[in-house]
Amino acid sequence: MNVVDNPWAINAVCALLVTIHAVTTGLGKVPNVWKDFLDADRGLQASIYLGLLGGAAIVAGFAGVVVVFGLSATSIRFRQLRISGGKSLAANWASTSSSGLSATGLSLLASILVPTALLFIAPWLFELAILFIVHSSVRLIWLLRSIIEVVRIDDIAIMREFNKKSLAELPWHE
C-alpha cells in the first residue's frame with residue numbers, strides 16, 4: 001500500500017499504536033508514562049490539552065489555506081496538477097484538514113474528561129491527537145512544497161515569455 005495515496009491508513013495505524021500502548025500499559029506490560037501527569041493538578045492537565053487544541057486548530061486552518069490556494073489557482077499547471085492528482089490529491093488535501101480537525105476534537109474531549117471519572121482516558125486521546133498533528137503537518141509540508149514547485153515552474157514560464165524579444169529588437173537587426 002502506498003502511504004502517499006492512503007493518508008487515512010496512516011491515521012488508522014496511529015490509532016492502533018495508541019490503542020496498543022494503552023492496553024499494554026493497562027496490563028502492566030510497559031510502564032505508564034502518563035502516571036505522573038495524571039497525578040498532577042487537573043487544571044494543569046486541562047491547560048495542556050487545551051494548548052494542544054490551539055496548535056491543532058492552527059494546523060487545520062493552515063491546511064485549509066493551502067487547499068484553497070491549490071483549488072483556486074487557475075494556471076494550466078495547477079489544472080494539470082489537479083487533474084493528474086485525481087483521487088490521491090483529493091485524499092491528501094482532505095487528510096491535512098481532517099487530521100488537524102480530529103486532533104482538535106481529541107484535545108477538546110481530553111480536556112472535557114479531566115474533571116470526570118474517565119480522566120484516565122484523556123492522556124490517550126492527547127497522545128493520538130499529537131500523532132494526528134504530526135501526520136497532518138508532515139503531509140501538509142509535503143503538499144506545500146509540491147505547490148511551491150508548481151508556482152516556481154509557472155513563474156519561470158511567465159518570465160521566459162516576458163523576456164522574449166522580437167526580431168526587431170535584436171542588435172543585428174538594423
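The following legends describe views of a predicted model.

**View 1. Overall fold of the protein chain.** The protein chain contains five helices and zero strands, where helices (H or I, at least four residues) and strands (E, at least two) are DSSP runs numbered from the N terminus. Along the sequence, the pattern reads α-α-α-α-α.

**View 2. Dimensions of the protein chain.** The C-alpha trace spans about 90 × 35 × 25 Å along its principal axes. The radius of gyration is 23 Å, whereas a compact globule of 174 residues would have one near 16 Å; the radius is taken over C-alpha atoms, and the globule rule is 2.2 Å times the number of residues to the power 0.38.

**View 3. Packing of helices H3 and H4.** Helix H3 (residues 42–72) and helix H4 (residues 76–113) have axes that come within 8 Å and cross at roughly 165°. Axes are lines fitted to C-alpha atoms over the stretch in contact, with angles from 0 to 180 degrees between N-to-C directions. The crossing angle therefore makes H3 roughly antiparallel to H4 (over 145 degrees).

View 4. Of the 174 residues, 34% are buried (under 20% relative accessible area, 1.4 Å probe, protein chains only). Among contacts (heavy atoms within 4.5 Å) with a separation of 6 or more, 78% are between residues 24 or more positions apart.

**Notes.** Residues are numbered from 1 along each chain as its sequence is written, and side-chain values use heavy atoms, without hydrogens and water. Local features need pLDDT of at least 70 and side-chain atom pairs count only at pLDDT 80 or more, while totals for chains, interfaces and linings use all residues.

Definitions and conventions. Parallel < 35°, antiparallel > 145°, perpendicular 65-115°, else oblique. Buried < 20%, exposed > 50% of the residue type's maximum accessible area, 1.4 Å probe, protein only.
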